[in-house]
Amino acid sequence: MIPTIGHAAVLVGLGLTVYAIVAFVLAARGGDPRLATSGRRAVIGSFGATLVACGAMVVSLLTHDFSVLYVAENNATTTPPFIGAISLWAALEGSILFWALLATGWASLVLWRHRERHRQLMPWVGATLASVNAFFFAVMTWPGNPFALTAPAAAEGLGPNALLQNHPFMALHPPLLYLGYTGLAVPFAFGVAALATRRLDTEWLRIVRRWTLVPWIFLTLGITAGAWWSYEVLGWGGYWAWDPVENAALLPWLTATAFVHSAMVAERRGGLRIWTSALVIATFVLTLVGTFLTRSGVVASVHSFTQSAIGPWFLAAIAIGLAAPLTVLVWRLPELIGGSRPAGAVSRESAFLFNNILFLGLTFAVLFGTLLPLIVGLTSGDTISVGAPWFNGITVPIFVALLFLMGVGPALPWGAARWSTVRERFTVPLVVSAAVAVIAFGLGLRAAGPLGTLALAAFVAAVMADEVVRGARGRARSRDEDPLTATWRMTTRNRRRYGGYTVHVGVLVMAVAVSISSGLAVDATVTVAPGETARIGAYEIRHERLVIEPLADDARVTETRAEISYSGPQSGSLRTAVRDYPNSPAGIATPAVRTSLGEDLYVTLLAADPDSGAVTLHLFVNPLVVWIWLGGAVVGIGSAFAIWPEPRPRHVMVEQAQAAPATASVERA
Amino acid sequence: MRALRWLLVPLIVAPLALLLLSGFGRDPREIASPLIGRPAPAWSLVTLEGETLTADALAGRPHVVNFWASWCIPACVDEHPILAAAHERYGDALTIVGVLYQDTPSDAQRFLARPGDAGYAHLVDESGGLAIDFGVTGPPETFFVDAEGIVRGKVFGPLTDSLMAERLALILPAANR
């Protein structure tokens with residue numbers, strides 16, 4: 001009964017979505033405006049239908065209804081309710097259902113929010129979003145039916161994915177990532193609408209500012225949470241391996257980040273319009289390519305989904321999703337050319353342009369590396385894999401250049417910079433940067449990579465600090481405010497700028513932490529009998545005892561656990577284990593991570609001898625890793641600050657009135 | 001020049017689509033088996049029913065060796081009906097042997113109880129020795145051995161009807177196909 005309701009809801013969703021496409025296209029082509037209203041209601045209805053379908057799936061999982069194939073494959077009678085509920089996104093069919101929920105949710109939200117405005121754009125926005133949603137409904141109706149039944153129903157299911165059971169982060173990381181992925185369809189839809197309606201001015205860019213940043217925040221947090229999960233669960237001591245599934249999330253993030261920057265130029269100065277339109281299309285298509293790569297089994301990946309019949313469907317969607325908007329873009333090309341005001345070689349425009357070139361270069365590099373196994377397979381038939389050294393070698397120089405631009409860009413004026421401005425803006429930061437490098441060297445930091453990153457980060461931070469202090473001081477003087485009030489008012493009246501700075505601070509923190517944690521980590525593999533000790537960095541590790549026993553809350557899972565005590569900068573005890581799940585070929589590592597602000601002590605159990613109690617451990621001391629996650633949080637906070645709604649419309653006026661003289665004074669200086 | 005810009009669309013879309021399309025039909029983890037054209041490894045193992053079975057007992061008859069596991073889902077679940085159908089269809093002309101790959105007999109029996117046990121024997125390869133001899137990297141993998149005991153074909157990943165028919169043609173005498 002419940003599965004039937006779920007399946008029926010999917011079919012209703014498909015019907016409503018197809019109706020919405022027709023209604024929106026008719027409305028867009030000059031039909032009755034009520035058609036747009038009814039299209040919007042159909043989209044909201046499809047969200048309701050997906051909600052019902054998701055509910056049916058969760059109920060089926062919680063009641064262990066093994067007549068549903070998905071439940072039989074991802075659930076067992078012993079599965080706790082929490083794991084059962086989040087199994088909604090544990091495997092292919094369920095994840096598409098969940099995806100559809102978020103996609104219809106975004107579409108409903110956008111169409112509802114702008115129901116009274118932008119009467120030319122919205123029908124096309126609705127038609128585009130409904131077309132994207134129709135794809136997911138079609139997949140759920142034909143090749144990837146989440147409610148497919150098995151007869152006769154099994155008495156016991158196969159149990160949830162072992163990795164899902166092993167860490168609560170699985171409740172957080174996929175939804176964040178999917179919210180980002182699905183949300184990026186919204187700026188895409190506005191881009192298509194702007195091209196289709198020839199409303200190529202800045203209207204759509206102003207609307208999508210928030211609609212891009214919100215999914216961007218989710219994608220950023222989702223990627224960070226994924227890296228964190230990988231660090232806490234996979235037990236190899238690292239957090240980023242350039243696996244195709246990681247690259248799949250990174251690719252749209254790179255183009256979306258480039259879009260956020262180029263849209264500012266397009267909005268403020270009228271330039272980069274073709275570029276900006278191409279970027280929203282690329283971002284959306286890359287979300288599909290990423291999903292395709294990880295769900296079709298075409299590229300080998302540690303945690304890709306199994307090969308399935310949905311591959312060709314995704315391929316068709318990619319081809320259409322790329323060809324259709326690209327055709328519209330090419331059609332409007334003559335109208336998009338021109339319109340920008342000239343800018344000097346050293347100006348904020350050129351910094352943004354370089355930023356975009358670098359982001360695009362990164363995107364190509366990562367895409368090329370991810371697809372290289374396919375290219376080689378096609379040309380020579382060989383099977384190859386592209387590893388982290390290749391990706392690091394090609395991306396690190398680009399990341400360093402981006403870091404440099406991050407400091408230079410915001411300090412340069414729009415239009416053209418005079419040499420005196422450049423000198424005035426960058427003298428102090430260069431001195432600060434050199435001082436930081438000398439101090440770090442004096443404190444014993446010898447590795448070139450971390451030293452360089454630290455100096456660069458200090459330069460960028462000093463440029464921003466100088467900028468903030470200069471602005472706040474000016475405001476305090478002219479308005480007779482105390483410095484704190486002046487700073488707060490200045491930043492909250494120009495949230496976009498100072499939110500952006502905060503994001504940059506978060507990125508700096510992450511860059512330094514990544515550079516130092518990867519450059520200065522130490523590790524060792526040791527075999528120790530009970531009572532024996534080993535040393536790693538400043539720590540002494542003592543193997544107390546080996547325990548092999550079933551898990552307290554699930555007897556089907558055997559845990560092989562080493563209990564260890566450690567002393568050094570911190571001391572205490574920790575447990576590192578491997579868990580054997582009945583439905584997983586290899587044991588799932590449960591590394592012990594002792595985190596502090598300075599460094600992590602990270603211990604993985606590699607092997608255990610039950611007779612002697614001896615264990616082989618992989619010991620790591622990873623400096624500053626926690627700052628990567630903290631930096632990610634700062635990025636999230638900064639972008640939330642940037643898009644925080646203004647409390648009263650009056651402030652918008654004030655902000656605009658102030659923005660102009662502020663820019664002017666920068667250009668004068 | 002104006003017309004030329006339309007070339008942009010196929011020039012961007014076609015290579016990407018072709019490249020991704022080329023990914024279907026080949027598995028990125030697949031490695032060609034060096035066993036093909038050589039004698040199959042010899043073995044003597046105990047079945048799930050507790051009987052001892054040897055490779056010699058199968059000599060003179062084409063056979064299929066299918067490495068699988070109860071935790072290998074959905075691939076092993078998907079291919080099971082295809083093996084069962086072949087077992088039904090060819091009867092004595094073809095022997096099918098399942099080999100448990102890193103799996104316990106009790107889990108395997110629970111698995112077989114679900115889709116219905118097709119009735120052919122399953123070997124318990126506790127030490128994993130047979131999987132190593134065959135060079136199995138992960139289940140499911142299926143080897144096709146002819147009446148002379150020579151490995152003629154291998155399927156990496158789940159069997160499909162067409163793959164099964166294609167590989168069986170390599171080992172079955174024409175009269176039986």
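In helix 8 of chain A, the buried residues are A:H173, A:P174, A:L177, A:Y178, A:L179, A:G180, A:Y181, A:T182 and A:G183. A residue is buried if 20 or more other C-beta atoms, placed from the backbone, lie within 10 Å of its own. Helix 8 spans residues 173-183 and is mostly covered, with nine of its eleven residues buried. Helices are DSSP runs (H or I, at least four residues), numbered from the N terminus.

The model is predicted: local features need pLDDT of at least 70, side-chain atom pairs count only at pLDDT 80 or more, and totals for chains, interfaces and linings use all residues. Residues are numbered from 1 along each chain as its sequence is written, and chains are lettered from A and ligands numbered from 1 in written order.

Helix 1 (residues 2-28) and helix 2 (residues 33-62) of chain A have axes that come within 7 Å and cross at roughly 160 degrees. Axes are lines fitted to C-alpha atoms over the stretch in contact, with angles running from 0 to 180 degrees between N-to-C directions. Helix 1 and helix 2 of chain A are therefore roughly antiparallel (angles over 145 degrees). Their contact comprises 24 nonpolar, nine polar and no charged residues. Nonpolar means Ala, Val, Leu, Ile, Met, Phe, Trp, Tyr, Cys and Pro; charged means Asp, Glu, Lys and Arg; the others, Gly among them, are polar.

Chain A divides into domain 1 (1-166), domain 2 (187-409), domain 3 (410-506 + 627-668) and domain 4 (520-626), with bounds from an automatic or database assignment. Domain 2 gives 26 residues to its contact with domain 3, which gives 24. Contact requires C-beta atoms, placed from the backbone, within 7 Å. Helix 10 of chain A gives the most to the domain 2 side, with nine residues.

Key
Two residues are in contact if their C-beta atoms, placed from the backbone, lie within 7 Å. Helices (H or I, at least four residues) and strands (E, at least two) are DSSP runs, numbered from the N terminus. A residue is buried if 20 or more other C-beta atoms lie within 10 Å of its own, exposed if 12 or fewer, and partly exposed in between; C-beta atoms are placed from the backbone. Angles under 35 degrees count as roughly parallel, over 145 as roughly antiparallel, 65 to 115 as roughly perpendicular and the rest as oblique.
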